[in-house]
Amino acid sequence: MAIAAGVAGSDTLPHNTIMKQIFTTGLMFASFTYTSLAADLNTARIDEVTGLKGKMNEKEGVYKVTFPRADVKVVVDGWTMPPFMGLGTWAAFTKGAHTEAMVMGDTVLFEDEVSSAMSAALDNGLQVTALHNHFFFDRPKVFFMHIEGEGGVDDLARAVKKVYDTTKAIRGPDAKPAESFAVVGQTSLPEKNSINAASLNEIFGMQGEAKDGMVKFTIGRSAKMHGVKIDTDMGVNTWAAFAGSDDNAVVDGDFAVTEDELQPALKSLLKNKINIVAIHQHMTHEEPRIMFFHYWSRGTAKDLAQAVKGGFVVGGLLNVSSPIP
């Protein structure tokens with residue numbers, strides 16, 4: 001009331017005084033709001049479920065759990081990097097707009113941990129929004145998987161714990177990250193490629209591009225950037241390339257999907273043992289926003305083609321309707 005009266009009677013109060021009172025009131029309101037948000041989070045439960053001791057940012061209403069990846073020595077550009085310099089895994093919880101809570105996080109992973117950690121995130125209700133590197137000349141290679149989710153505090157904390165548990169299960173028996181996807185006894189890829197294009201053309205229902213015993217399938221889609229239509233040859237395309245032989249093949253490729261298509265496509269490929277190796281954007285200011293993810297896997301050519309086709313279907317890339325898992 002005093003402030004309202006002061007503003008109304010501005011002839012009797014200096015302008016600076018009025019502004020100071022308004023600013024102070026705004027700070028008090030913001031502080032009250034953040035404190036209320038923080039009070040709505042069961043932080044003790046987050047600690048209990050994740051097994052970590054978090055820290056509250058009262059100003060932002062965010063409760064954050066962290067831990068350093070100190071279990072593997074990482075050398076970057078010839079220098080042994082302390083975890084403090086950017087090798088920390090974290091998950092931050094805040095009150096949701098439509099749910100009890102929202103979580104966002106970044107998970108430090110080594111190459112042989114990515115598929116298991118990503119599957120754990122997706123299988124437990126989290127979304128995976130990026131997978132990329134932060135360094136060059138790092139040994140072993142380090143990747144960072146970003147996650148987000150909405151729901152109850154218990155469910156989100158349990159999901160985060162499941163992701164973290166996958167790294168412990170993998171590193172527990174062997175502190176040294178693997179240097180290949182190859183499993184024990186797996187035959188090396190043949191030196192000469194001899195993929196049967198006809199059988200893969202039938203699976204995908206389109207004619208692939210054949211070259212020197214390899215086959216590549218490309219599906220473009222339209223978008224706009226700076227008011228200009230962009231399509232296949234401007235980089236908005238999904239592709240799959242096959243090499244090796246029919247019974248000992250490798251596939252790699254790239255998916256171009258909308259934000260709504262990203263999670264179903266990731267789930268489909270991971271379910272069929274296709275390794276996701278990167279998730280990121282290639283452009284800015286495009287409409288709709290297009291996310292890209294890259295993949296790699298080994299197996300028979302037909303099995304790999306069927307697995308990739310499943311991702312095409314749930315992503316809507318083959319114009320075939322399919323329920324989203």
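## Ground rules for the model

Two strands pair here if DSSP finds at least two bridges between them. Helices (H or I, at least four residues) and strands (E, at least two) are DSSP runs, numbered from the N terminus. This is a predicted model, in which local features need pLDDT of at least 70 and side-chain atom pairs count only at pLDDT 80 or more, while totals for chains, interfaces and linings use all residues. Residues are numbered from 1 along each chain as its sequence is written, and side-chain values use heavy atoms, with hydrogens and water left out.

## Confidence along the chain

Let's start with pLDDT, the predictor's confidence in each residue, from 0 to 100. For the protein chain the mean is 89, and 86% of its residues reach 70 or more.

Two stretches deserve a careful eye. Over residues 1-10 pLDDT stays under 50, and the model has seven contacts beyond four places in sequence for them, where contact means heavy atoms within 4.5 Å. Residues 320-325 also have pLDDT under 50 throughout, with eight contacts beyond four places in sequence.

An open sheet of three strands has the order β4-β3-β8, with antiparallel pairing. Its edges are β4 (79-80) and β8 (138-139), each with a single partner strand, so one side of each is left without a neighbour in the sheet. Strand β3 (residues 75-76) pairs with β8 in the antiparallel sense over two bridges, and V76 has D138 of β8 as its bridge partner.

Two backbone details belong to this part of the chain. D77, found in the loop between β3 and β4, is not a glycine and yet has a positive phi of about 55 degrees. P140 lies in the loop between β8 and β9 (142-151), and a cis peptide bond with omega of about -5 degrees joins R139 to P140.

Strand β12 (residues 223-225) and β17 pair in the antiparallel sense over two bridges; the bridge partner of K224 in β17 is E287.

E287 also takes part in a cis peptide bond, to P288, with omega near -5 degrees. P288 sits in the loop between β17 and β18 (290-299).

Strand β1 (residues 55-57) runs antiparallel to strand β2 (residues 62-68), and three bridges join them. K55 stands opposite K64 in β2. The hairpin of β1 and β2 has four residues between the strands, and G61 takes a positive phi near 70 degrees there.

β2 also pairs with strand β5 (residues 88-95), in the antiparallel sense over six bridges. Y63 has F93 in β5 as its bridge partner.

For the helix pairs, axes are lines fitted to C-alpha atoms, for helices over the stretch in contact, and angles run from 0 to 180 degrees between N-to-C directions. Angles under 35 degrees count as roughly parallel, over 145 as roughly antiparallel, 65 to 115 as roughly perpendicular and the rest as oblique.

Helix α4 (residues 114-123) packs with helix α5 (residues 153-171) at an angle of about 155 degrees, their axes 8 Å apart. That makes α4 roughly antiparallel to α5. The contact is made by S116, A117, A120 and A121 of α4 and K162, V163, T166 and I170 of α5.

## Helix α8 and its two partners

Helix α6 (residues 197-204) and helix α8 (residues 301-314) pack at an angle of about 25 degrees, with axes 10 Å apart. That makes α6 roughly parallel to α8. On the α6 side S199, L200, I203 and F204 take part, meeting A301, K302, A305, Q306, V308, K309 and F312 in α8.

The axes of helix α7 (residues 259-271) and α8 come within 8 Å and cross at roughly 160 degrees. That makes α7 roughly antiparallel to α8. P264, A265, S268 and L269 of α7 make this contact with A307, G310, G311 and V314 of α8.
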